[in-house]
Amino acid sequence: MASLVAPDHFSPTEDAAVLRKACTGWGTNEKAIIEVLGHRNAAQRKQIREAYEQLYEEDLVKRLESELTRDFEKAVYRWILDPADRDAVLANVALRKSHPDYHVIIEISSIHSADELLEVRKAYKLRYKRSLEEDVAAHTTGDIRKLLVGIVSAYRYEGEEINARLANSEADVLHDAIKDGSFNHDEVIRILSTRSKAQLRATFNRYQEDQGTSITKNLLVEHPDDFLVALRTTIRSLNDPSKYFVKVLREAIKRAGTDEDDLTRVIVTRAEKDLKEIKEEYYKKNSVSLDQAVAKDTTGHYQAFLLTLLGNNEE
């Protein structure tokens, strides 16, 4: 359920010419850039980049970086990259922060399919000449490292088959660990980093049936450490990505000073995937549309670009 509105037929050379014109002369025509790139899917954007380089012997990504500024530039840059390469960049930026953004690594590792995650790891190695697993290990320590290296290295079975007996027994394992406060137990990390998403959902459902409350609620404590926050994020993103993204968006928007990084990341990475479903879930949870919330909390070309990716074509 993508929110992106892209044409079935387009001309990469014509689009390249429009973008070239938008980036030359006195000032930049941001509206033209949004009109083209905001309505092209990943395959189309790749063709436009290739056509632009052939026609003008110039890298379109670098040209746009030099023409645009601030949040709008960052959003366009992340959008124009191939999805796997974009996630490689997002992961690297998250890891290089003074306090790494663990939730970005968890999103990439938990929400992608096994093949998509493998493509991200390949893109990361190609771009940075190191493995993603290597960098995750280098920028983390202790229990966080065990969890993140486990899930970023995973290649999960994608089928919907489940083993009910296994779900029952592993729900008990998770309950015992939580009851004892052993959140970092090796078995907890093993279950979360190896089981298929269908199997995990069965386990989480069994846990809730047995305990009368969800596993994430049982992990709520007054002063959680980084590992416990990462553990809850992993479970929530594996169990129900749409609800997870709604929470990320809501927290990004409601802060004193919008968290543009989180807002941009979710809209840019999900526009071709399930952003329409996320929008529906957002409205159910907040009684306001995501389009309205974004329009209220952002301005200028950045706002126009995000609203275009959200499928809102009003000027």
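Trainee: Is D262 buried or exposed?
Mentor: Buried means under 20% relative accessible area, exposed means over 50%, and partly exposed lies in between (1.4 Å probe, protein chains only). D262 has a relative accessible area of 8%, so D262 is buried. Before going on, keep in mind that this is a predicted model, where local features need pLDDT of at least 70 and side-chain atom pairs count only at pLDDT 80 or more, while totals for chains, interfaces and linings use all residues. Residues are numbered from 1 along each chain as its sequence is written, and side-chain values use heavy atoms, with hydrogens and water left out.

Trainee: Where is D262 found, and which residues is D262 in contact with?
Mentor: Helices are DSSP runs (H or I, at least four residues), numbered from the N terminus. D262 sits in helix α17, residues 260-270. Contact means heavy atoms within 4.5 Å. Setting aside neighbours within four places in sequence, D262 is in contact with H103, V248 and A252.

Trainee: How does E116 count in terms of accessibility?
Mentor: E116 has 28% relative accessibility, so E116 counts as partly exposed. E116 belongs to helix α8, residues 114-128.

Trainee: How do I describe two packed helices?
Mentor: By the angle between their axes and the distance between the axes. Axes are lines fitted to C-alpha atoms, for helices over the stretch in contact, and angles run from 0 to 180 degrees between N-to-C directions. Here, helix α5 (residues 70-80) and helix α20 (residues 300-309) pack at about 30 degrees, with axes 8 Å apart. On the α5 side, the contact is made by D71, F72, A75, V76 and W79, and α20 brings H301, Y302, F305 and L309.

Trainee: Which residues of helix α12 are buried?
Mentor: In α12 (residues 186-194), they are V188, I189, I191, L192 and S193. These buried residues pack against α10 (142-152), α11 (164-179), α13 (197-211) and α15 (226-239).

Methods:
Helices (H or I, at least four residues) and strands (E, at least two) are DSSP runs, numbered from the N terminus.
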